[in-house]
Amino acid sequence: MQSIISVTGLGKTYDSGFEALRDIHLDIRRGEIFALLGPNGAGKTTLISILCGIVNPSGGTVLAGGHDITREYRAARSKIGLVPQELCTDSFESVWATVKFSRGLFGKPPNGAYLEQILRQLSLWDKKDAQLRELSGGMKRRVMIAKALSHEPDILFLDEPTAGVDVELRRDMWNMVRELRERGVTIILTTHYIEEAEEMADRIGVINRGQLILVEEKEALMAQLGKKELRVSLQEPLQELPAVLEPYQLGLCEEGHVLVYGYDTQQTTNGIADLLRSLAELGLEVRDLHSSESSLEEIFVNLVRGS
């Protein structure tokens, strides 16, 4: 699939000597939702700021829509919409004036119908004449998204877009993100709500200490690094594990009522049938079985700890 953003050897060192990014190589495909995960201070915002032309890199190259983000700044920036973490708006401007002005900044001709469509999608149309200072924090966040979309960008960056917003807005935003992807817009997001990345993203990138430590298809990542767990509830509790069960490396919890068996999703045989057979041979009656798989959050935590 064709790349819409191509990053080669990207680095950023500040005047203080702090190395925020080191040798980043990344290709983001046209029309995908790419989630960038990492702990605080990992370099997520620095990377996005460079990709959007806000911060100058110390080395390497970035192409956005085929344009060099440094040498062809205007052409590259016209392809990009950014929703930053911070709310940066003129408090005394109306919602309509804000999105109209933002569209004009990129040299786009007036298109009231398009701006109305965006405001309606974000439930802002009835607030179009309101000054931004009159809006709630969640409504101001919606205005930031409308501004980012006002010039019809091919690439949309969402930097912690749902931080501090209500559940209704979060749901509306993700519905809109899906619609944008269907129209061919590429979405790059950072989020602390890892369940959102798990639900929405096509691919996951993990950054830690200024280095990109992993880029993988979400499903492949879950399959490669995910672990499954089987909880076996017993009719009668065990005081201790019988020796014959030691090879299964079981955990005993809930005062001996539950056996916990962990297994790798990549193994050709998971050993569950053998375990159940062993329990039956011991005369242990099973009341219930429950299996679960590692979440993306657990995988992310393990990756960061190991890097």
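This is a predicted model: local features need pLDDT of at least 70, side-chain atom pairs count only at pLDDT 80 or more; totals for chains, interfaces and linings use all residues.
1. Residues are numbered from 1 along each chain as its sequence is written, and side-chain values use heavy atoms, with hydrogens and water left out.

2. Now to the aromatic rings. Rings of Phe, Tyr and Trp (its six-membered ring) pair if their centres lie within 6.5 Å; planes under 30 degrees apart count as stacked, over 60 as edge-to-face and the rest as tilted. By this rule there are two aromatic pairs. Trp 96 and Trp 125 are edge-to-face, because their ring centres are 6.0 Å apart and their planes stand at 80 degrees. Trp 96 belongs to helix α3 (residues 95-105) and Trp 125 to the loop between α4 (112-121) and α5 (137-149), so the pair ties together parts 29 residues apart in sequence. (Helices, H or I of at least four residues, and strands, E of at least two, are DSSP runs numbered from the N terminus.)

3. Tyr 248 and Tyr 261 also form an edge-to-face pair, 6.2 Å centre to centre with 80 degrees between the planes. Tyr 261 is buried, with a relative accessible area of 8%, and Tyr 248 counts as buried at 15%. (Buried means under 20% relative accessible area, exposed over 50%, partly exposed in between, with a 1.4 Å probe and protein chains only.)

4. Helix α6 (residues 167-182) deserves a look. Its buried residues include Leu 169, Met 173, Trp 174 and Leu 180, and the buried residues of α6 pack against β3 (33-37), α4, α5, β7 (155-159), β8 (186-190) and α7 (194-200). Just after α6, Gly 184 takes a positive phi of about 100 degrees.

5. In the largest nonpolar core, of 41 residues, Leu 149, Leu 156, Ile 187 and Ile 204 touch the most other members. The largest share of this core, seven residues, comes from α5. (A nonpolar core is a set of buried Ala, Val, Leu, Ile, Met, Phe, Trp, Tyr and Cys residues joined through side-chain atoms within 4.5 Å.)

Notes. Contact means heavy atoms within 4.5 Å.
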